[in-house]
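Please look over the sequence and the structure shown here before reading the briefing. The notes that follow take up helix packing, charged pairs and backbone angles.

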Amino acid sequence: MVANVPQGFAEAVRSLCTFPQDLLAEVAHEVIDFLSYKIGAVDTESTYKRLHAANSTLTSQQVQGAINALVYTFRDAVRSGLTTEALTTQLKDFGASVWSGKAVKVVVHVWGDRGEQACADAKALPQAIMHVGQLVGFRWKLAISVESSAARNLGRAFVALEMKVSDNSNRIKTHSFELSLYQFQNFAKQLREIHGIISEI
């Protein structure tokens with residue numbers, strides 16, 4: 001993470017480290033709720049007002065940047081499935097001039113409470129929110145039409161496809177459809193493009 005942080009990350013973290021510990025903990029919980037899609041956004045304005053009530057000199061942009069740095073930190077931790085020990089090491093790798101010891105303790109404490117569940121939620125989100133199925137079977141065959149209500153469609157080649165998809169409750173549904181040769185060639189071209197992109201990752 002240290003090498004791949006966005007521009008301005010270190011400065012944003014320094015701003016974050018000026019937050020009172022109780023407010024930092026609240027914002028950290030709110031960020032995890034945001035990453036788990038339990039809330040639509042982190043309430044930056046409320047955080048800004050509370051900081052200024054505590055005589056902070058941070059601007060609203062600095063507060064937003066600090067919260068974005070925390071979102072980036074937790075999103076990376078969720079994506080990587082980090083343990084509390086690994087997150088502690090990662091934050092300390094930035095050095096004390098970026099993450100203060102107190103801020104590291106607060107962030108790691110919140111991650112210790114909620115990190116495991118946040119990682120589990122992130123893995124379940126694609127299926128739970130978007131109801132994405134999983135392809136478990138794929139068959140195809142080339143065929144020639146021998147019956148049609150229009151004589152011009154007789155003898156045309158087509159590809160019959162059958163896909164088996166497992167849904168969220170592990171029920172398998174079969175989807176069958178036909179493609180003209182042109183449609184199938186276009187479909188195959190798109191699959192080759194996808195394969196090319198994946199092989200570069």
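Buried means under 20% relative accessible area, exposed means over 50%, and partly exposed covers what lies in between, computed with a 1.4 Å probe on protein chains only. By that scale Arg-50, at 36% relative accessibility, counts as partly exposed. This is a predicted model, in which local features need pLDDT of at least 70 and side-chain atom pairs count only at pLDDT 80 or more, while totals for chains, interfaces and linings use all residues. Residues are numbered from 1 along each chain as its sequence is written, and side-chain values use heavy atoms, with hydrogens and water left out. Helices (H or I, at least four residues) and strands (E, at least two) are DSSP runs, numbered from the N terminus.

**Helix packing**

- Two packed helices are described by the angle between their axes and the distance between the axes.
- Helix H3 (residues 44-53) and helix H4 (residues 60-80) have axes that come within 10 Å and cross at roughly 120°, where axes are lines fitted to C-alpha atoms, for helices over the stretch in contact, and angles run from 0 to 180 degrees between N-to-C directions.
- H3 and H4 are therefore oblique to each other, given that angles under 35 degrees count as roughly parallel, over 145 as roughly antiparallel, 65 to 115 as roughly perpendicular and the rest as oblique.
- The crossing in which H3 passes H4 is right-handed; a crossing is right-handed if the near helix is turned clockwise from the far one by less than a right angle, and left-handed if anticlockwise.
- On the H3 side Thr-44, Thr-47, Tyr-48 and Leu-51 meet Ser-60, Val-63, Gln-64 and Ile-67 of H4, contact being defined as heavy atoms within 4.5 Å.
- By class, this contact of H3 with H4 has 4 nonpolar, 4 polar and no charged residues, where Ala, Val, Leu, Ile, Met, Phe, Trp, Tyr, Cys and Pro count as nonpolar, Asp, Glu, Lys and Arg as charged, and the others, Gly among them, as polar.
- Helix H2 (residues 21-35) and H4 also have axes that come within 10 Å, and these cross at roughly 55°, so that H2 and H4 are oblique to each other.
- H2 passes H4 in a right-handed crossing.
- The contact involves Leu-24, Val-27, Ala-28, Val-31, Ile-32, Phe-34 and Leu-35 from H2, together with Ile-67, Leu-70, Val-71, Phe-74 and Arg-75 from H4.
- Sorted by class, the contact of H2 with H4 has 11 nonpolar, no polar and 1 charged residues.

**Salt bridges**

- Side chains of opposite charge can pair when their charged atoms come close.
- The whole structure holds 6 salt bridges, each being a side-chain nitrogen of Lys or Arg within 4 Å of a carboxyl oxygen of Asp or Glu.
- One of them joins the side chains of Glu-11 and Arg-14 at 3.3 Å, N to O, and these residues, being 3 residues apart in helix H1 (residues 9-16), are separated by about one helical turn.
- Glu-11 counts as partly exposed at 48% relative accessibility, and Arg-14 is partly exposed as well, with a relative accessible area of 33%.
- Another salt bridge brings together the side chains of Arg-50 and Glu-26 at 2.6 Å, N to O, linking distant parts of the chain, since Arg-50 is in helix H3 and Glu-26 in helix H2, 24 residues apart.
- Glu-26 is partly exposed, with a relative accessible area of 39%.
- Lys-38 forms a salt bridge with Asp-121, with the closest N and O atoms 3.7 Å apart.
- Lys-38 lies in the loop between H2 and H3 and Asp-121 in helix H6 (residues 101-130), so this pair ties together parts that are 83 residues apart in sequence.
- Lys-38 counts as exposed at 51% relative accessibility, whereas Asp-121 counts as buried at 17%.

**Backbone angles in loops**

- Most residues other than glycine have a negative phi, and most peptide bonds are trans.
- Tyr-37 has a positive phi, near 60°, and is placed in the loop between H2 and H3, where Tyr-37 counts as exposed at 61% relative accessibility.
- Asn-55 likewise has a positive phi, near 65°; this residue sits in the loop between H3 and H4 and is exposed, with a relative accessible area of 68%.
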